[in-house]
Amino acid sequence: MSSSVLVTMPPEVPGPTPEGHLQLFANESADHSTDPPTTNGGNEPSIPDVSNQASSSSFTKANRSWKSTIEDYLSQYNMPCLMFTLIVLGSLAALGHHLYYQGLHDQRVQDPQWPIRFGTAVAFLVKASFVGSVDIAYRQQAWLMVKRRNYKISTLDSVFSACSSPWVFGNAQFLSEAYLAAATALFVWLLPLSAIASPSALSIRNATRVHSTTCDNISMLDFTRENGFNADSEDQERAGMSYWKLDRADQVLTYDQPSGELDRIFKLSVLSLTGPPKPPNPCPSVKSCTYLMDMAAPAYNCQKRSEFGGHNPMAYNRSQLLPTNILYVAYSSIDENPFGRPLGWDTMPDTTPELGVFTEVPSLWIGWLDNSSGHYSSIMECSLYNATTLFDVTFSGDNLSINQTAVNLISPLLPEGSSKAPGDSDYQQFSGYYAASYLFRQFMSGNLTWDSYYHYIDNTDAVQTDWFEPTTGFVLSNDFAATVENRFRDFVISMLSDTRLHSQINSSVPCLVTEDILVWNYAPFWLVLSYSVALGLNTIAIGIGVYCFRKNGCSMNTTFSTFIVTTRSTDLDELAKRQRLGRWPIDKEILDSRVRFGELIIPSDQGNTLPRRVAFAFPDDVRPAIDPKNYL
């Protein structure tokens with residue numbers, strides 16, 4: 001006798017998704033752990049192998065439990081995790097933006113475009129991250145709201161499109177019935193304003209920078225180059241400081257007179273109304289440059305004397321320095337011919353060994369009356385020295401400023417009792433110094449005498465300077481010794497500008513450069529303020545999102561698939577029967593209908609034959625969905 005097994009299937013019930021019923025049946029079968037028994041040979045029910053089945057079942061459950069736990073976790077917390085990830089990314093980008101601009105502050109502008117472009121790109125990243133996190137929070141809030149109360153469909157349109165369409169803020173019902181959602185959605189539209197401050201936070205301004213560097217083409221003087229420079233030397237387009245003469249029987253060159261080039265630069269120096277000639281600016285591309293110049297050159301040292309001395313052919317004495325007699329007088333302590341050669345050389349035979357030998361360097365004697373009320377008389381002797389002078393030189397555009405910071409008088413150019421012969425290695429350098437001093441002594445020599453009609457009569461080239469009072473001839477300077485020393489110094493400095501002088505060279509020296517440059521200027525106030533406000537609004541929205549997530553019990557979204565699974569109800573089918581194609585605009589009857597999201601109320605006549613479902617439906621056909629786990 002054969003036995004049969006009856007398998008009862010649940011009755012078919014009408015519903016929108018028969019697949020859901022099948023799934024329900026499958027779940028129930030799994031929950032009851034009932035498998036239909038099979039027959040063994042068609043007579044007795046077979047007894048399953050319990051041990052093998054239990055072992056296989058436990059392995060399958062454990063495997064499914066591990067995978068389902070991860071999948072459930074990811075599906076449930078992916079939205080909160082993404083929300084927090086975006087706000088952290090935006091915060092880090094905002095901090096990086098601030099630090100990047102802060103690093104550029106006061107730095108020289110190399111590229112005026114790309115730093116601002118990069119900053120703007122970072123600002124848009126901040127904006128996009130913040131907006132994305134608020135948008136996720138808003139989705140959680142929107143779904144919680146539609147679960148708690150019913151809304152018109154037109155209001156729901158505004159709720160679910162508030163982050164993408166600004167026109168919904170003109171819907172009065174949306175603002176009055178869903179004002180919390182409207183406030184959160186407004187954050188989405190306000191947060192992009194934080195990117196406005198980015199371009200204005202970083203600007204370019206002018207700045208002055210001083211830095212150390214090496215300046216090239218600095219004009220210097222090296223008077224040792226005079227030694228050995230003659231008609232056979234290279235660089236013949238340049239000139240030495242003195243001319244030479246073959247007047248000895250042994251054909252040795254002797255000093256003759258200052259060169260024409262030295263005479264030219266001297267006249268430009270002492271007679272120029274704009275000051276001595278200036279060397280070319282070695283750093284024209286910057287605002288200014290300053291360097292120290294330590295120069296070995298001749299210098300006058302003027303000392304007060306009680307009475308005139310030296311070779312005094314006119315027999316001047318202090319008693320003659322009176323307002324009604326001699327106002328100014330200067331002369332050389334030895335006789336020289338009109339070309340600047342010691343007068344005794346002109347009468348020596350060419351076989352005389354002393355021809356061309358310097359045994360003395362003349363001093364410059366000067367007497368004058370000052371411009372004070374008492375017109376006091378003064379006498380000084382100016383002697384020529386070997387010296388090193390330290391100058392602080394500053395070029396600023398076309399302006400040259402030279403400040404003498406230190407003078408070291410090494411020794412008299414020719415100490416008493418010594419001589420300088422043509423055969424000496426530095427004879428030509430010495431002759432150049434002598435030639436320069438002769439031009440200066442010749443310029444200073446002469447006198448100013450009082451005249452009852454003309455006030456004074458001048459017999460000196462020195463009157464062409466600004467040293468004397470124009471109408472009386474009295475010396476204006478209270479320190480005439482320093483005035484004379486500085487004027488000779490200016491003559492030596494003017495040689496720096498003469499590129500045709502053999503002693504002039506160009507060198508590279510350390511210098512301080514002051515230049516006007518463009519630098520980045522970062523004003524952090526508006527950038528920090530805008531990002532702080534944006535972060536504050538974002539934090540509020542995140543707090544709302546976390547609260548709504550906890551109340552919803554799961555992550556919510558506004559994708560098409562979300563609406564597919566939440567709008568399957570007979571109420572909506574009936575409501576949308578005339579607009580199944582979704583044409584726009586939607587009928588006013590539909591828009592004015594109120595629906596609510598919740599658990600569908602199953603008619604009592606159908607009992608437990610239908611699964612529990614949540615969807616949008618008319619308010620009377622749903623009840624609150626309390627525990628989301630009942631519908632997962």
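This is a predicted model: local features need pLDDT of at least 70, side-chain atom pairs count only at pLDDT 80 or more; totals for chains, interfaces and linings use all residues.
Biologist: Which strands hold Cys 215 and Cys 511?
Modeller: Cys 215 and Cys 511 form a disulfide with sulfur atoms 1.8 Å apart. The pair links distant parts of the chain, 296 residues apart. Strands here are DSSP runs of E with at least two residues, and helices are runs of H or I with at least four, both numbered from the N terminus. Cys 215 sits in β4 (residues 202-221) and Cys 511 in β14 (residues 504-522).

Biologist: Is the link of Cys 302 and Cys 382 left-handed or right-handed?
Modeller: The sulfur atoms of Cys 302 and Cys 382 are 2.0 Å apart. Cys 302 lies in strand β7 and Cys 382 in strand β10, so the pair ties together parts 80 residues apart in sequence. With 110 degrees about the S-S bond, this link is right-handed.

Biologist: Is Cys 163 buried or exposed?
Modeller: Buried means under 20% relative accessible area, exposed means over 50%, and partly exposed is in between (1.4 Å probe, protein chains only). Cys 163 has 18% relative accessibility, so Cys 163 counts as buried.

Biologist: What do the buried residues of α6 pack against?
Modeller: Helix α6 covers residues 179-190, and its buried residues include Ala 181, Thr 184 and Val 188. Contact means heavy atoms within 4.5 Å. The buried residues of α6 pack against α3 (114-148), α5 (172-177) and α11 (524-552).

Biologist: Which side chain makes a polar contact with the side chain of Ser 437?
Modeller: Ser 437 is in helix α9 and is buried, at 0% relative accessible area. A polar contact is a pair of N or O atoms within 3.5 Å; within protein, one must be able to donate a hydrogen and the other to accept it, and residues adjacent in sequence count only if both atoms are side-chain atoms. At 2.8 Å, the partner of Ser 437 is Arg 441.

Note on methods
Residues are numbered from 1 along each chain as its sequence is written. Side-chain values use heavy atoms; hydrogens and water are left out. The expected span of a helix is 1.5 Å times one less than its number of residues. A disulfide is a pair of cysteine sulfur atoms within 2.5 Å.
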